[in-house]
Amino acid sequence: MPRFNVPENDALAPFVIGLDVGSGGTRAAVYDATGREVGKRHHKEPHTFTTAADGTSTIDADLVVDELRTSIAAVLAEPLPGLVAGIGVDTFASSLVAVDAAGKALTPCITYADTRCRDQVAALRDKVDAEALHQQVGARLHSSYTAPRIAWLRETQPEVFAKATQYMALGEYAAFRLLGTPVLGTASAAWAGLLDRRTGEYATGLLEAAGADPATLSAPRDPSQGQPVAGTALAKEFPQLEGATWLPVIGDGLAANMGVGALGTGTWGISTATSGAIRQLVETDIETLPSGLWAYRVDARRTLVGSAMSDCGRVLDWARFQLGLPEDVAEIDTERIFSAPVSEGTPIVVPFFSGERGTKWRDSSKALFANVSASTTAEDLLRGALEGVALSYLRIADQMRELGGEPERIVLSGGMTEAIPSWLHLLADALGSPIEHVAVSRSTMRGAALMAIEETIPGAQVADAPVLRKVEPVAEHADYYRARLERFEALADLA
(Lines give C-alpha, C1' and ligand atoms only; values in the text may rest on other atoms or scores of the structure.)
Protein backbone atom coordinates (compact mmCIF):
# COMPACT_ATOMS: atom_id res chain seq x y z
CA MET A 1 0.00 0.00 0.00
CA PRO A 2 1.46 3.41 -0.98
CA ARG A 3 2.20 5.62 2.00
CA PHE A 4 1.19 8.81 0.13
CA ASN A 5 4.32 10.65 1.13
CA VAL A 6 6.54 13.44 -0.09
CA PRO A 7 10.36 13.57 -0.11
CA GLU A 8 11.67 15.62 2.78
CA ASN A 9 13.33 18.13 0.44
CA ASP A 10 9.96 18.80 -1.22
CA ALA A 11 7.87 18.92 1.98
CA LEU A 12 5.97 22.10 2.77
CA ALA A 13 6.50 23.47 6.29
CA PRO A 14 5.22 23.85 8.96
CA PHE A 15 4.87 20.24 9.97
CA VAL A 16 2.56 18.24 12.21
CA ILE A 17 2.96 14.89 13.91
CA GLY A 18 0.26 12.24 13.79
CA LEU A 19 0.03 9.79 16.71
CA ASP A 20 -2.15 6.73 16.35
CA VAL A 21 -2.82 4.05 18.98
CA GLY A 22 -4.58 1.12 17.38
CA SER A 23 -5.37 -2.45 18.28
CA GLY A 24 -2.13 -3.71 16.77
CA GLY A 25 0.36 -1.02 17.66
CA THR A 26 1.31 2.58 18.38
CA ARG A 27 2.44 4.69 15.45
CA ALA A 28 3.86 8.11 14.74
CA ALA A 29 4.62 9.96 11.52
CA VAL A 30 5.53 13.46 10.40
CA TYR A 31 3.23 15.17 7.88
CA ASP A 32 3.77 18.36 5.93
CA ALA A 33 1.22 21.16 5.49
CA THR A 34 -0.40 19.30 2.55
CA GLY A 35 -1.22 16.27 4.69
CA ARG A 36 1.37 13.93 3.17
CA GLU A 37 3.86 11.87 5.16
CA VAL A 38 7.36 13.32 5.10
CA GLY A 39 9.99 10.98 3.72
CA LYS A 40 10.50 7.91 5.87
CA ARG A 41 9.65 9.62 9.14
CA HIS A 42 7.24 7.01 10.42
CA HIS A 43 7.53 4.43 13.16
CA LYS A 44 5.49 1.63 14.71
CA GLU A 45 5.69 -0.08 18.09
CA PRO A 46 3.64 -3.32 17.84
CA HIS A 47 1.47 -4.46 20.73
CA THR A 48 -1.42 -6.83 21.40
CA PHE A 49 -4.36 -6.81 23.75
CA THR A 50 -4.52 -9.13 26.73
CA THR A 51 -7.66 -11.23 26.28
CA ALA A 52 -9.43 -13.99 28.19
CA ALA A 53 -12.54 -16.13 27.88
CA ASP A 54 -14.42 -14.03 30.45
CA GLY A 55 -14.46 -11.08 28.03
CA THR A 56 -11.24 -9.40 29.17
CA SER A 57 -9.61 -7.13 26.58
CA THR A 58 -6.99 -4.80 28.04
CA ILE A 59 -3.59 -3.23 27.44
CA ASP A 60 -1.06 -1.63 29.80
CA ALA A 61 -1.68 2.13 29.56
CA ASP A 62 1.86 3.01 30.66
CA LEU A 63 3.25 0.70 27.99
CA VAL A 64 1.32 2.73 25.40
CA VAL A 65 2.75 5.97 26.83
CA ASP A 66 6.26 4.54 26.50
CA GLU A 67 5.46 3.47 22.93
CA LEU A 68 4.33 7.00 22.09
CA ARG A 69 7.52 8.47 23.53
CA THR A 70 9.64 5.97 21.58
CA SER A 71 7.72 6.63 18.37
CA ILE A 72 8.08 10.42 18.71
CA ALA A 73 11.81 9.98 19.30
CA ALA A 74 12.09 7.85 16.16
CA VAL A 75 10.41 10.35 13.83
CA LEU A 76 12.35 13.27 15.32
CA ALA A 77 15.71 11.47 15.38
CA GLU A 78 17.00 14.08 12.93
CA PRO A 79 15.93 17.76 13.11
CA LEU A 80 13.08 18.74 10.81
CA PRO A 81 13.68 21.56 8.29
CA GLY A 82 10.89 23.65 9.81
CA LEU A 83 8.59 24.16 12.78
CA VAL A 84 6.23 21.57 14.23
CA ALA A 85 2.88 23.33 14.57
CA GLY A 86 0.67 20.61 15.98
CA ILE A 87 0.36 17.07 17.27
CA GLY A 88 -2.80 15.18 16.38
CA VAL A 89 -3.72 12.13 18.45
CA ASP A 90 -6.17 9.32 17.91
CA THR A 91 -6.69 6.05 19.76
CA PHE A 92 -9.05 3.15 19.50
CA ALA A 93 -12.30 4.44 20.93
CA SER A 94 -14.17 3.59 24.13
CA SER A 95 -11.14 3.13 26.37
CA LEU A 96 -10.98 3.55 30.13
CA VAL A 97 -8.17 3.88 32.70
CA ALA A 98 -8.88 4.35 36.42
CA VAL A 99 -6.34 6.78 37.97
CA ASP A 100 -5.59 7.53 41.64
CA ALA A 101 -4.85 10.86 43.35
CA ALA A 102 -1.13 10.53 42.62
CA GLY A 103 -1.81 10.16 38.90
CA LYS A 104 -1.02 6.45 38.84
CA ALA A 105 -3.02 4.03 36.73
CA LEU A 106 -4.97 1.66 38.96
CA THR A 107 -6.11 -0.52 36.08
CA PRO A 108 -4.84 -1.45 32.67
CA CYS A 109 -6.63 0.31 29.84
CA ILE A 110 -9.98 -1.43 29.29
CA THR A 111 -10.53 -1.55 25.53
CA TYR A 112 -13.63 -1.32 23.35
CA ALA A 113 -13.70 -5.14 23.00
CA ASP A 114 -13.91 -5.87 26.75
CA THR A 115 -17.33 -7.34 27.58
CA ARG A 116 -16.95 -8.09 31.30
CA CYS A 117 -19.48 -5.41 32.26
CA ARG A 118 -22.37 -7.05 30.39
CA ASP A 119 -24.25 -7.73 33.65
CA GLN A 120 -23.98 -4.04 34.55
CA VAL A 121 -25.33 -3.15 31.09
CA ALA A 122 -28.40 -5.28 31.81
CA ALA A 123 -28.83 -3.65 35.23
CA LEU A 124 -28.57 -0.14 33.77
CA ARG A 125 -31.32 -0.98 31.28
CA ASP A 126 -33.62 -1.42 34.27
CA LYS A 127 -32.66 1.99 35.69
CA VAL A 128 -32.83 4.27 32.65
CA ASP A 129 -34.99 4.72 29.58
CA ALA A 130 -32.65 3.03 27.11
CA GLU A 131 -34.33 4.44 24.00
CA ALA A 132 -34.39 8.00 25.34
CA LEU A 133 -30.74 7.64 26.37
CA HIS A 134 -29.82 6.45 22.87
CA GLN A 135 -31.40 9.56 21.37
CA GLN A 136 -29.68 11.78 23.97
CA VAL A 137 -26.09 10.53 23.90
CA GLY A 138 -26.18 8.88 20.49
CA ALA A 139 -25.05 5.52 21.90
CA ARG A 140 -26.74 2.35 23.06
CA LEU A 141 -26.22 0.81 26.46
CA HIS A 142 -23.42 -1.63 25.70
CA SER A 143 -20.30 -3.08 27.26
CA SER A 144 -18.13 -0.95 24.95
CA TYR A 145 -19.05 2.20 26.85
CA THR A 146 -17.78 3.85 30.00
CA ALA A 147 -20.79 4.06 32.35
CA PRO A 148 -21.34 0.29 32.71
CA ARG A 149 -17.58 -0.20 33.06
CA ILE A 150 -17.44 2.17 36.03
CA ALA A 151 -20.39 0.31 37.53
CA TRP A 152 -18.49 -2.96 36.95
CA LEU A 153 -15.43 -1.61 38.77
CA ARG A 154 -17.60 -0.41 41.64
CA GLU A 155 -19.19 -3.84 42.05
CA THR A 156 -16.30 -6.19 41.26
CA GLN A 157 -13.22 -4.20 42.30
CA PRO A 158 -14.42 -1.96 45.15
CA GLU A 159 -10.85 -1.30 46.32
CA VAL A 160 -9.98 0.15 42.91
CA PHE A 161 -13.22 2.13 42.77
CA ALA A 162 -12.51 3.60 46.23
CA LYS A 163 -9.04 4.78 45.21
CA ALA A 164 -9.99 6.15 41.78
CA THR A 165 -10.15 9.93 41.64
CA GLN A 166 -10.37 10.18 37.87
CA TYR A 167 -11.41 8.02 34.93
CA MET A 168 -9.52 8.76 31.74
CA ALA A 169 -9.63 7.74 28.11
CA LEU A 170 -6.34 6.27 26.90
CA GLY A 171 -5.31 9.31 24.84
CA GLU A 172 -6.24 11.59 27.72
CA TYR A 173 -4.05 9.52 30.05
CA ALA A 174 -1.17 9.70 27.57
CA ALA A 175 -1.42 13.50 27.49
CA PHE A 176 -1.46 13.53 31.29
CA ARG A 177 1.72 11.46 31.48
CA LEU A 178 3.55 13.33 28.70
CA LEU A 179 2.33 16.90 29.25
CA GLY A 180 1.16 16.90 32.84
CA THR A 181 -2.39 17.79 31.73
CA PRO A 182 -5.19 15.39 30.80
CA VAL A 183 -6.47 16.50 27.40
CA LEU A 184 -9.79 14.83 26.62
CA GLY A 185 -11.41 15.48 23.27
CA THR A 186 -15.16 16.00 22.83
CA ALA A 187 -15.13 13.27 20.20
CA SER A 188 -13.43 10.84 22.60
CA ALA A 189 -15.86 11.59 25.45
CA ALA A 190 -18.78 11.21 23.07
CA TRP A 191 -17.43 7.87 21.87
CA ALA A 192 -17.49 6.72 25.50
CA GLY A 193 -21.28 7.08 25.41
CA LEU A 194 -21.26 9.91 27.95
CA LEU A 195 -22.09 13.18 26.16
CA ASP A 196 -25.39 14.71 25.20
CA ARG A 197 -24.93 14.87 21.43
CA ARG A 198 -26.63 18.27 21.18
CA THR A 199 -25.26 20.14 24.20
CA GLY A 200 -21.83 18.55 24.70
CA GLU A 201 -22.55 18.15 28.44
CA TYR A 202 -22.22 14.92 30.38
CA ALA A 203 -25.39 12.85 30.72
CA THR A 204 -25.60 13.09 34.50
CA GLY A 205 -28.60 10.80 34.76
CA LEU A 206 -26.63 7.96 33.20
CA LEU A 207 -23.64 8.59 35.45
CA GLU A 208 -25.80 8.64 38.55
CA ALA A 209 -27.43 5.36 37.53
CA ALA A 210 -23.95 3.82 37.17
CA GLY A 211 -22.82 5.19 40.54
CA ALA A 212 -20.23 7.41 38.87
CA ASP A 213 -19.29 10.87 40.10
CA PRO A 214 -19.17 13.41 37.22
CA ALA A 215 -16.26 15.09 39.05
CA THR A 216 -14.08 12.08 38.19
CA LEU A 217 -14.34 12.92 34.49
CA SER A 218 -12.38 15.67 32.72
CA ALA A 219 -14.16 18.49 30.93
CA PRO A 220 -14.08 17.59 27.23
CA ARG A 221 -12.39 19.90 24.75
CA ASP A 222 -13.31 20.62 21.16
CA PRO A 223 -10.54 20.27 18.53
CA SER A 224 -9.91 24.02 18.68
CA GLN A 225 -9.01 23.82 22.39
CA GLY A 226 -5.54 22.29 22.15
CA GLN A 227 -2.84 22.25 24.82
CA PRO A 228 0.47 24.11 24.24
CA VAL A 229 3.47 21.82 24.57
CA ALA A 230 5.74 24.68 25.68
CA GLY A 231 7.14 24.28 29.16
CA THR A 232 6.18 20.61 29.53
CA ALA A 233 8.39 17.57 30.09
CA LEU A 234 7.68 16.58 26.49
CA ALA A 235 9.11 19.89 25.21
CA LYS A 236 12.18 19.43 27.39
CA GLU A 237 12.74 15.96 25.97
CA PHE A 238 11.99 17.03 22.38
CA PRO A 239 12.87 20.74 21.96
CA GLN A 240 11.49 20.78 18.42
CA LEU A 241 8.00 20.43 19.92
CA GLU A 242 8.31 23.58 22.05
CA GLY A 243 6.07 25.61 19.71
CA ALA A 244 3.55 22.84 18.97
CA THR A 245 -0.04 22.42 20.14
CA TRP A 246 -1.22 19.01 21.36
CA LEU A 247 -4.77 18.47 20.10
CA PRO A 248 -7.44 16.81 22.24
CA VAL A 249 -7.57 13.09 21.52
CA ILE A 250 -10.13 11.85 19.01
CA GLY A 251 -11.39 8.34 18.32
CA ASP A 252 -9.97 6.31 15.49
CA GLY A 253 -13.31 6.36 13.66
CA LEU A 254 -13.34 10.11 13.20
CA ALA A 255 -9.65 10.01 12.32
CA ALA A 256 -10.22 7.30 9.72
CA ASN A 257 -12.95 9.29 7.97
CA MET A 258 -10.76 12.38 7.87
CA GLY A 259 -7.78 10.41 6.65
CA VAL A 260 -9.55 9.04 3.57
CA GLY A 261 -11.43 12.24 2.77
CA ALA A 262 -14.88 11.06 3.91
CA LEU A 263 -15.90 14.53 5.02
CA GLY A 264 -19.07 15.52 3.19
CA THR A 265 -22.61 14.59 4.15
CA GLY A 266 -22.95 12.45 1.01
CA THR A 267 -19.80 10.40 1.63
CA TRP A 268 -19.54 7.22 3.65
CA GLY A 269 -16.20 6.17 5.07
CA ILE A 270 -15.66 2.45 5.63
CA SER A 271 -12.88 1.05 7.80
CA THR A 272 -11.70 -2.54 7.50
CA ALA A 273 -9.14 -2.89 10.29
CA THR A 274 -9.23 -5.24 13.29
CA SER A 275 -12.71 -3.84 13.84
CA GLY A 276 -14.89 -2.37 11.11
CA ALA A 277 -17.33 0.49 10.66
CA ILE A 278 -19.33 2.71 8.33
CA ARG A 279 -19.34 6.39 9.26
CA GLN A 280 -20.56 9.72 7.92
CA LEU A 281 -19.55 13.18 9.12
CA VAL A 282 -22.58 15.48 9.09
CA GLU A 283 -23.23 19.11 9.93
CA THR A 284 -26.99 18.86 10.35
CA ASP A 285 -28.98 17.85 13.42
CA ILE A 286 -30.11 14.24 13.52
CA GLU A 287 -33.63 14.47 14.83
CA THR A 288 -34.24 10.73 15.29
CA LEU A 289 -31.40 8.24 15.29
CA PRO A 290 -32.09 4.73 13.91
CA SER A 291 -31.81 2.06 16.58
CA GLY A 292 -28.60 0.46 15.32
CA LEU A 293 -26.56 3.61 14.75
CA TRP A 294 -24.56 5.89 16.98
CA ALA A 295 -24.04 9.64 16.69
CA TYR A 296 -20.97 11.13 18.38
CA ARG A 297 -20.54 14.86 18.82
CA VAL A 298 -17.27 16.27 17.42
CA ASP A 299 -17.93 19.92 18.20
CA ALA A 300 -20.84 22.35 18.07
CA ARG A 301 -20.95 22.03 14.27
CA ARG A 302 -20.16 18.38 13.45
CA THR A 303 -21.43 14.93 14.36
CA LEU A 304 -20.05 11.54 13.33
CA VAL A 305 -22.85 9.06 12.66
CA GLY A 306 -22.55 5.36 11.86
CA SER A 307 -22.11 1.96 13.43
CA ALA A 308 -19.32 -0.51 14.01
CA MET A 309 -18.43 -4.15 14.56
CA SER A 310 -15.69 -5.53 16.79
CA ASP A 311 -14.80 -8.29 14.33
CA CYS A 312 -13.54 -7.47 10.85
CA GLY A 313 -9.83 -8.14 10.38
CA ARG A 314 -10.08 -10.26 13.51
CA VAL A 315 -12.24 -12.67 11.45
CA LEU A 316 -9.44 -13.05 8.92
CA ASP A 317 -6.96 -13.66 11.74
CA TRP A 318 -9.23 -16.35 13.19
CA ALA A 319 -9.47 -18.05 9.80
CA ARG A 320 -5.71 -17.96 9.28
CA PHE A 321 -4.86 -19.45 12.65
CA GLN A 322 -7.78 -21.83 13.21
CA LEU A 323 -8.44 -23.25 9.73
CA GLY A 324 -4.91 -24.37 8.97
CA LEU A 325 -4.44 -21.71 6.28
CA PRO A 326 -1.03 -20.15 5.60
CA GLU A 327 -0.19 -17.37 8.06
CA ASP A 328 0.80 -15.22 5.08
CA VAL A 329 -2.48 -14.73 3.21
CA ALA A 330 -0.48 -13.82 0.10
CA GLU A 331 0.14 -17.57 -0.26
CA ILE A 332 -3.60 -18.16 -0.71
CA ASP A 333 -5.29 -17.61 -4.07
CA THR A 334 -7.75 -15.15 -2.58
CA GLU A 335 -8.59 -13.71 -6.01
CA ARG A 336 -10.01 -17.09 -7.03
CA ILE A 337 -11.81 -17.60 -3.71
CA PHE A 338 -13.48 -14.20 -3.52
CA SER A 339 -14.11 -13.62 -7.24
CA ALA A 340 -15.82 -16.97 -7.67
CA PRO A 341 -19.57 -16.94 -8.39
CA VAL A 342 -21.88 -16.83 -5.38
CA SER A 343 -23.04 -20.24 -4.20
CA GLU A 344 -25.90 -21.39 -1.98
CA GLY A 345 -23.48 -24.02 -0.64
CA THR A 346 -21.22 -21.42 0.98
CA PRO A 347 -21.31 -21.60 4.79
CA ILE A 348 -23.27 -18.86 6.55
CA VAL A 349 -21.11 -17.30 9.24
CA VAL A 350 -22.22 -14.87 11.94
CA PRO A 351 -18.76 -13.52 12.86
CA PHE A 352 -19.39 -12.29 16.41
CA PHE A 353 -16.14 -13.52 17.94
CA SER A 354 -16.08 -10.48 20.28
CA GLY A 355 -19.80 -10.02 20.80
CA GLU A 356 -22.13 -7.87 18.73
CA ARG A 357 -22.04 -4.10 18.53
CA GLY A 358 -24.00 -2.60 15.61
CA THR A 359 -26.77 -3.09 14.89
CA LYS A 360 -28.43 -4.86 17.83
CA TRP A 361 -25.76 -4.37 20.49
CA ARG A 362 -25.86 -7.79 22.13
CA ASP A 363 -22.55 -8.10 23.96
CA SER A 364 -23.03 -11.75 24.93
CA SER A 365 -23.37 -12.93 21.31
CA LYS A 366 -20.94 -15.50 19.94
CA ALA A 367 -19.87 -16.55 16.45
CA LEU A 368 -22.08 -19.09 14.72
CA PHE A 369 -21.53 -21.31 11.66
CA ALA A 370 -24.31 -22.85 9.57
CA ASN A 371 -24.70 -24.62 6.23
CA VAL A 372 -21.55 -26.67 6.93
CA SER A 373 -21.26 -30.25 5.69
CA ALA A 374 -18.64 -33.00 5.55
CA SER A 375 -17.49 -31.66 2.19
CA THR A 376 -16.98 -28.08 3.41
CA THR A 377 -13.35 -27.03 3.00
CA ALA A 378 -11.21 -24.50 4.83
CA GLU A 379 -11.47 -22.24 1.77
CA ASP A 380 -15.27 -22.52 1.88
CA LEU A 381 -15.22 -21.46 5.53
CA LEU A 382 -12.92 -18.54 4.68
CA ARG A 383 -15.30 -17.40 1.93
CA GLY A 384 -18.29 -17.78 4.27
CA ALA A 385 -16.54 -15.89 7.07
CA LEU A 386 -15.74 -12.94 4.80
CA GLU A 387 -19.27 -12.98 3.36
CA GLY A 388 -20.39 -12.78 7.00
CA VAL A 389 -18.26 -9.66 7.44
CA ALA A 390 -19.83 -8.18 4.30
CA LEU A 391 -23.30 -8.90 5.69
CA SER A 392 -22.33 -7.20 8.94
CA TYR A 393 -21.62 -4.08 6.88
CA LEU A 394 -24.87 -4.46 4.92
CA ARG A 395 -27.03 -4.40 8.04
CA ILE A 396 -25.31 -1.14 9.05
CA ALA A 397 -25.68 0.29 5.52
CA ASP A 398 -29.42 -0.36 5.57
CA GLN A 399 -29.81 1.88 8.62
CA MET A 400 -27.48 4.51 7.16
CA ARG A 401 -29.75 4.65 4.12
CA GLU A 402 -32.76 4.92 6.41
CA LEU A 403 -31.15 8.00 7.95
CA GLY A 404 -29.82 9.79 4.88
CA GLY A 405 -30.58 7.89 1.70
CA GLU A 406 -28.08 6.52 -0.80
CA PRO A 407 -24.49 7.74 -0.46
CA GLU A 408 -23.00 9.79 -3.25
CA ARG A 409 -19.63 8.14 -2.67
CA ILE A 410 -18.18 5.32 -0.55
CA VAL A 411 -14.47 5.40 0.29
CA LEU A 412 -12.69 2.61 2.12
CA SER A 413 -9.37 1.89 3.79
CA GLY A 414 -7.95 -0.56 6.29
CA GLY A 415 -5.40 -3.24 6.90
CA MET A 416 -7.67 -6.19 6.09
CA THR A 417 -8.43 -4.89 2.60
CA GLU A 418 -4.75 -4.14 2.09
CA ALA A 419 -3.98 -7.77 2.98
CA ILE A 420 -6.70 -9.26 0.74
CA PRO A 421 -7.95 -6.61 -1.70
CA SER A 422 -9.96 -9.21 -3.61
CA TRP A 423 -12.50 -9.45 -0.77
CA LEU A 424 -13.74 -6.00 -1.79
CA HIS A 425 -15.80 -7.78 -4.49
CA LEU A 426 -17.89 -9.36 -1.74
CA LEU A 427 -18.46 -6.06 0.04
CA ALA A 428 -19.40 -4.11 -3.12
CA ASP A 429 -21.85 -6.85 -4.10
CA ALA A 430 -23.40 -6.96 -0.63
CA LEU A 431 -23.82 -3.17 -0.43
CA GLY A 432 -24.89 -2.89 -4.06
CA SER A 433 -22.72 0.22 -4.45
CA PRO A 434 -19.34 1.10 -5.98
CA ILE A 435 -16.50 1.32 -3.45
CA GLU A 436 -13.32 3.34 -3.82
CA HIS A 437 -10.29 1.81 -2.11
CA VAL A 438 -8.23 4.78 -0.99
CA ALA A 439 -4.46 4.39 -1.20
CA VAL A 440 -3.39 5.73 2.18
CA SER A 441 -1.56 3.53 4.63
CA ARG A 442 -2.68 4.19 8.21
CA SER A 443 -5.55 6.48 7.34
CA THR A 444 -6.35 6.94 11.04
CA MET A 445 -2.93 8.44 11.73
CA ARG A 446 -3.28 10.70 8.70
CA GLY A 447 -6.70 11.78 9.96
CA ALA A 448 -5.25 12.77 13.33
CA ALA A 449 -2.56 14.74 11.50
CA LEU A 450 -5.17 16.46 9.30
CA MET A 451 -7.07 17.51 12.42
CA ALA A 452 -3.84 19.09 13.66
CA ILE A 453 -3.34 20.84 10.31
CA GLU A 454 -6.92 22.14 10.39
CA GLU A 455 -6.44 23.66 13.83
CA THR A 456 -2.82 24.87 13.72
CA ILE A 457 -2.01 25.77 10.08
CA PRO A 458 -4.67 28.23 8.87
CA GLY A 459 -5.28 28.21 5.14
CA ALA A 460 -3.38 24.97 4.48
CA GLN A 461 -4.29 23.24 1.22
CA VAL A 462 -4.53 19.52 1.96
CA ALA A 463 -3.92 17.08 -0.90
CA ASP A 464 -6.70 14.64 -1.83
CA ALA A 465 -6.03 11.02 -0.96
CA PRO A 466 -5.42 8.95 -4.12
CA VAL A 467 -7.82 6.15 -5.08
CA LEU A 468 -6.09 2.81 -5.63
CA ARG A 469 -9.03 1.03 -7.23
CA LYS A 470 -12.78 1.34 -7.69
CA VAL A 471 -14.84 -1.83 -7.42
CA GLU A 472 -18.27 -1.97 -9.04
CA PRO A 473 -20.98 -4.31 -7.69
CA VAL A 474 -22.38 -7.21 -9.71
CA ALA A 475 -26.08 -6.39 -9.85
CA GLU A 476 -27.06 -10.05 -10.26
CA HIS A 477 -25.67 -10.82 -6.79
CA ALA A 478 -28.02 -8.45 -4.94
CA ASP A 479 -30.78 -11.03 -4.39
CA TYR A 480 -28.26 -13.57 -3.09
CA TYR A 481 -26.98 -11.22 -0.40
CA ARG A 482 -30.48 -10.09 0.55
CA ALA A 483 -31.52 -13.71 1.08
CA ARG A 484 -28.31 -14.37 2.99
CA LEU A 485 -28.93 -11.35 5.23
CA GLU A 486 -32.36 -12.69 6.18
CA ARG A 487 -30.82 -16.01 7.25
CA PHE A 488 -27.91 -14.16 8.91
CA GLU A 489 -30.31 -12.15 11.08
CA ALA A 490 -32.25 -15.27 12.09
CA LEU A 491 -29.01 -16.97 13.12
CA ALA A 492 -27.73 -13.84 14.87
CA ASP A 493 -30.80 -13.96 17.11
CA LEU A 494 -29.56 -17.37 18.28
CA ALA A 495 -25.91 -16.39 18.63
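1. Let's start with Glu 356 and Arg 395: their side chains meet in a salt bridge, at 2.9 Å from N to O. The pair ties together distant parts of the chain, with Glu 356 in the loop between β18 (348-350) and β19 (368-370) and Arg 395 in helix α13 (residues 378-404), 39 residues apart. Keep in mind that this is a predicted model.

2. Are these two partners buried or exposed? Glu 356 is buried, and Arg 395 is too. Both also belong to a network of salt bridges, which links Glu 356, Lys 360, Arg 362, Arg 395, Glu 489 and Asp 493.

3. Next, Glu 237 and Arg 69. Their side chains form a salt bridge as well, at 3.2 Å from N to O. Here too the pair links distant parts of the chain: Glu 237 sits in helix α9 (residues 233-237) and Arg 69 in helix α1 (residues 61-75), 168 residues apart.

4. On accessibility for that pair, Glu 237 is partly exposed, with a relative accessible area of 41%. Arg 69 comes out at 25%, so Arg 69 is partly exposed.

5. For context, how many salt bridges turn up in a search of the whole structure? The search finds 28.

Methods
Residues numbered from 1 in each chain as written. Predicted model: local features only at pLDDT ≥ 70, side-chain atom pairs only at ≥ 80, totals over all residues. Heavy atoms only, no water. Salt bridge = Lys/Arg side-chain N within 4 Å of Asp/Glu carboxyl O. Helix = DSSP H or I, 4+ residues; strand = E, 2+ residues; numbered from the N terminus. Buried < 20%, exposed > 50% of the residue type's maximum accessible area, 1.4 Å probe, protein only.
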